[in-house]
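Trainee: I am new to this structure. Please show me how to read its features, one at a time.

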Amino acid sequence: MASNGKAAAPRVLVVDDELDTRDACQHILTRGGYPVFTAARGEEALQILETQPIAIVLLDLKMPGLSGMEVLRRIRQLGDSILVIVITGYATVEMAIEAMKAGAYDFIAKPFEPDALRIVIRRAHEKIRLTEEAGELDRERRRTLTDLITEKSRTRTLIDSLPTGVVATNADGMVVLVNPSLFRHLGQVSERPPGDPIDRYVADEGFCDLVRQIARGRYASSDEVPAFEFSPFEGKHLLARGRPIIGENGDGLGAVMTVSDISAIRAMDRVKSEFVAEASHELRSPLSTIHEQLALVIRDISEGNFTGDLPILNRALEKTHELISLVGDLLDLSRIESKSASLKPKPLCLDEALKNIVGFLGVNAQKRGQRLSLELPETPLPRILADPFAVESVFGNLITNALKYTQDGGRIQVRVRLREGKVEVAVIDNGMGIEQKDLARIFDRFYRVKNEKTRWIPGTGLGLPIVKELVALLGGTIHVDSEPGRGSTFSVQLPSHPPA
Ligand code: ADP
């Protein structure tokens, strides 16, 4: 490359009708390290120029045939890159000037000393070197500029694609950059281009105040990342965090803010605190009953009167039993919901599992004169891919409920069918049924139907929420049909395990 200073010497074409001049030039220039071509006439010179990358032409103006001026004109038509040095023999200075005007780079008067030729060629050579260097610099500059533009647009694309809202302002709080996520979080359909004060973009005074403070360099000297939470509309919670933009000399140039959507986290927090409130409530009433009962027994003991205490202690025992099962259900539910209960699905014979559950619970049914039956299809059931404990918990809960909420002597059927490649298990009872208004809520935590019939039936209100979570984890669905006074049907659809 020309810019490394070790570039090949430029090729020189000597055009002169005098052999002596041509030879002399060739001799001097070859010794100077230049590749030299010669031509005795203009036409010949133009032919050489067509085939050789000539950089410098030494051109005699006075030649027979095509004149030197004409050759010069043709060379100029080829472009600017070839430097022409005219040789003015007996011609006048005016001719040299005219040639310069026509685009010659330099001239040398004939006869010339070898040194004069060397000087004029070296000057042209230097000019070529400088031109090439400038060209290389220019290319380099363009490359860097293109890189910079590509880099900038890449960064811009990244910022625009961030799920987090981003807005930057100058020191006066005027927006200089804003990405689409910010508008989305704010629930705005149309985007406002940068250039306006921050409060035209975000209609929250607290947020805008913080931005202005940061922009004025308030947090510049600390590592603190100020944060601000606000709600642009009902149900939407946003968390803004910001930092000042600091210039090279330490000046505060503005503020850059990120705005993230924390609505889901806030909703979760609310559900959690509601849950804690509900759970505390559910735990408190049996605990206060136990407390009162124990206080009675202690009073009796202290008065030396034990006679009537056994039934009280028995009731307290029952209550502790209820509490233990409530806490057990709560733990199950929280483990299932937090997915920390590790389900270990394996291919499972559902009919076997159901036979076991029905066999086990059938003992309770018999005590109350209830008929509990299991109906299996004639064709063998495909295996399902499921965790055996989850299956046991789902159908154990549903059948226990059916028994609980059905009168003595009632009938409970567990019917298994194959439907559209899925296994459907329906737990059907002819018990008390569920009213429409309660149906939508029975899968809520702690929800229990409260009426005269259910009053004395123990329960935690956590069985169906556990069933619902587990069925979802098994990849299935559940739905209920019920009619008050006639009975209920809980149907669970589970995907069958594809045959290996
Ligand atoms: P519980 O511990 O109260 O049984 P569940 O979450 O299992 O809690 O059930 C919630 C409520 O749904 C019950 O309190 C009951 O009123 C109603 N329920 C559940 N299964 C049946 C059923 N088979 N028949 C009538 N009511 C039912």
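Mentor: Start with a term. A salt bridge is a side-chain nitrogen of Lys or Arg within 4 Å of a carboxyl oxygen of Asp or Glu. One more thing before the cases: this is a predicted model, where local features need pLDDT of at least 70, side-chain atom pairs count only at pLDDT 80 or more, and totals for chains, interfaces and linings use all residues. Residues are numbered from 1 along each chain as its sequence is written, and side-chain values use heavy atoms, with hydrogens and water left out.

Trainee: How many salt bridges does the structure hold?

Mentor: There are 32 salt bridges. Take K110 and D60 as one case: their side chains meet with N to O at 3.7 Å.

Trainee: Which parts does the pair of K110 and D60 tie together?

Mentor: First, the naming. Helices (H or I, at least four residues) and strands (E, at least two) are DSSP runs, numbered from the N terminus. K110 sits in the loop between strand 5 (106-109) and helix 5 (114-161), and D60 sits in strand 3 (residues 56-60), so the bridge ties together parts 50 residues apart in sequence.

Trainee: Is K110 buried or exposed? And is D60 buried or exposed?

Mentor: The cut-offs come first. Buried means under 20% relative accessible area, exposed means over 50%, and partly exposed lies in between (1.4 Å probe, protein chains only). K110 is buried, at 16%. D60 is buried too, at 2%.

Trainee: Show me another bridge.

Mentor: Look at D199 and R212. Their closest N and O atoms are 3.5 Å apart in a salt bridge. D199 lies in the loop between helix 6 (180-185) and helix 7 (205-215), while R212 lies in helix 7, 13 residues apart. D199 is partly exposed, with a relative accessible area of 38%.

Trainee: What distance separates N and O in the bridge of D261 and K236?

Mentor: That distance is 2.7 Å. D261 belongs to strand 10 (residues 252-261), and K236 to the loop between strand 8 (227-230) and strand 9 (238-246), 25 residues apart. D261 is partly exposed at 33%, whereas K236 is buried at 14%. Bridges can also share partners: D16, E18, D60 and K110 are joined into one network this way.

Trainee: How do I read a sheet?

Mentor: Strands of a sheet pair through backbone hydrogen bonds, either parallel or antiparallel. Two strands pair if DSSP finds at least two bridges between them. Here, five strands form an open sheet in the order 12-14-15-17-16, with mixed pairing. Its edge strands are strand 12 (371-375) and strand 16 (477-483), each pairing on one side only.

Trainee: How many bridges join strand 12 to strand 14?

Mentor: Five bridges do, and these two strands run parallel. Strand 14 covers residues 411-419.

Trainee: Which residues come nearest to the ligand?

Mentor: A residue is near a molecule if one of its heavy atoms lies within 4 Å of it. There are 20 residues around the ligand, and N401, Y405, R448, T460 and L464 come nearest.
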